[in-house]
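Let's take a friendly walk through a protein together.

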Amino acid sequence: MEVFQGKSIFKGVAIGPLLYYGKKETTVRREKIEDTEAEVARYKEAREKSVAQLRQLHDDSVKKVGEENAAIFDVHAMLMEDEDFCEAIENAIRTQNVNAEYAVAVAGENFSKMFAEMEDEYFKARSADMKDISERLIRVLTGEDEMHSFEEPSIIIADDLMPSETVQLDKEKVLAFVTRLGSSNSHTAILARTMNIPALIDIPIREDWNGKLAAVDGHTGTFYLDPDEETLHEMEEKRDRDLEARRLLQELKGKKNISLDGKEINLYANIGGLKDVAAVLSNDGGGVGLFRSEFLYIGRDSLPTEEEQFQAYKAVVETMAGKRVIIRTLDIGADKKADYLELEKEDNPALGYRAIRICLTRPDIFKTQLRAIFRASAFGKVAIMYPMITSVEELDKIHTIVAEVKKELTADKIPFKDDVEEGVMIETPAAALISDDLARKVDFFSIGTNDLTQYTLAMDRQNSRLDVFYNPHHKAILRLIRMTIENGHKGGAWVGICGELGADTTLTETFLRMGVDELSVSPSMILPVRDAIRKSHAYPEKE
Ligand code: PEP
Ligand code: MG
């Protein structure tokens, strides 16, 4: 037996034969072409065929992974027809007298490099898509069949998997994905999660493993090649426990988030936009505890208009049908960038000009967003919260602006609810330490443990080198959380947690005992957290 340690992309256990999913090496050779116009026509025909394939792939994928995830193939079709990309190919054929395959390979390589070098994460991710589409075009040009088919359910091993390859595999026959390359936030990883298939990356897979037996432990990120009897037995048991646990979680749908001793809390979900709402509802989320509105501002060329924002908020609020939706105002800056804001480069962006600091110095941006949120409030149960607060003065300024916005909406005869709850995120040590003062001025607190941890421990949350030092259970963080909950309650505010720590089921009982009123977690963690709540005690034992 050989044991390899990789990184888990999706939890779960799989045991089965390995199937090496090798790229069919298409070595593209440069050839001299006499009739360049005929070659351009051949390229155009291949492009049309590729676009048709992608449209078909999109329609087939909708059934497997849902519209949001299938949308990637529409993006591919769009990139395939991108004017600059097409021009680069046609130009190379005409001016260099080269074959279409070669022109596509070179243009694909150049575009992929160009995207990889961009700072914006969205464009960076397009680099892999450019490779994917140029390989498809080349396959169509060379007339190769792209599908690997297999009968026996298998663990797929590959150097890397393209999104299009991942989704085309027969879900019923794929036990797990194991790759050498890839990143946790790639589209392939997202698709693996959506398809509910255990997946590992960073495993040095080899072609000659093809056909061997293996076990994948997605909980620990471990890969066992040729597992011995004992490991095999252990993994089979773990797999069965896993399946049983998943089945039991489904039974928790419709049940209350209530502790063994009767404390009921709200269990909400964190979302980035309307696309995540289906997962909230299918996992039985009681509301949205954090709508990261900045995603409406990212990956575009200009600020979203009031109307665009209103439509986006309204769609979420209406779909949540009366359940509470907490919209966090713009939290841009640091890792979340929007070039059109032309923010200066800073030495310490996490400690810099971000979130509410931008909103308070750019009231035009802030007011537009507030108007959109208040307008959406007429369609359901909206709450607003403000990120990165450090002082009471900031909150007072916000309240003045909010009052102006309400006055203007009233003057414009635009309907909105007057009792929209307002809260602040407690994600700086300063806010936690003055939470007694803040509590008197808001309806609720939502503790952002991601930033609270980074600022309290002085550890950049983006820096993976600090993983060894990073202790999210640090006593200092737990003390700040306890203090915030106590101060919140004394001042009449309810208190939730929306950072990642809220989903840490080893702390659920601790949070309940501290008196937390709400936990907001990613949709897939709703049922595991509900399970933990129902197994916890919230109150001290009576004598
Ligand atoms: C947090 O800081 O804990 C939080 C929820 O906000 P974000 O992760 O978006 O910074
Ligand atoms: Mg934060």
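This is a predicted model: local features need pLDDT of at least 70, side-chain atom pairs count only at pLDDT 80 or more; totals for chains, interfaces and linings use all residues.

Residues are numbered from 1 along each chain as its sequence is written, chains are lettered from A and ligands numbered from 1 in the order in which they are written, and side-chain values use heavy atoms, with hydrogens and water left out.

Glu427 sits in the loop between strand 13 (421-426) and helix 13 (429-433), while Asp451 belongs to helix 15 (residues 449-457), so the pair ties together parts that are 24 residues apart in sequence. Helices (H or I, at least four residues) and strands (E, at least two) are DSSP runs, numbered from the N terminus.

Are Glu427 and Asp451 buried or exposed? Both are buried, and for Glu427 the relative accessible area is 2%. Buried means under 20% relative accessible area, exposed over 50%, and partly exposed in between (1.4 Å probe, protein chains only).

**Around ligand 1**

Now move to ligand 1, which is surrounded by 14 residues, the closest being Arg292, Arg328, Gly448, Asn450 and Arg461. A residue is near a molecule if one of its heavy atoms lies within 4 Å of it. By class, this shell holds seven charged, four polar and three nonpolar residues. Strand 10 and helix 15 each supply at least two residues of the shell, and helix 15 gives the most, with three.

| Residue | Its N or O atom is in the | Distance to an oxygen atom of ligand 1 |
|---|---|---|
| Arg292 | side chain | 2.7 Å |
| Glu427 | side chain | 3.0 Å |
| Asn450 | backbone | 2.7 Å |

Taken alone, ligand 1 exposes 290 Å², and the protein buries 99% of that.

**What the UniProt record says**

In an unreviewed entry, UniProt lists Glu427 and Asp451 under "binding site". The two are spread over 25 residues of sequence, yet they cluster in space, with a largest C-alpha distance of 5.3 Å. The unreviewed entry's "active site" annotation covers His187 and Cys498. Such annotations may be inferred rather than shown by experiment. Cys498 lies in the loop between strand 15 (494-497) and helix 17 (508-514), and Cys498 is buried, with a relative accessible area of 1%.

**Two backbone angles**

Most residues other than glycine have a negative phi. Which phi does Asp226 have? Asp226 has a positive phi of about 50° although it is not a glycine. Look for Asp226 in the loop between strand 8 (222-225) and helix 7 (229-251), where Asp226 is partly exposed at 35% relative accessible area. Asp284, also not a glycine, has a positive phi of about 70°. Asp284 is in the loop between helix 8 (277-282) and strand 10 (288-292) and is partly exposed, at 25% relative accessibility.

Conventions. A polar contact is a pair of N or O atoms within 3.5 Å; within protein, one must be able to donate a hydrogen and the other to accept it, and residues adjacent in sequence count only if both atoms are side-chain atoms. Accessible areas come from the Shrake-Rupley method with a 1.4 Å probe; for residues, only the protein chains shown count as cover. Ala, Val, Leu, Ile, Met, Phe, Trp, Tyr, Cys and Pro count as nonpolar, Asp, Glu, Lys and Arg as charged, and the others, Gly among them, as polar.
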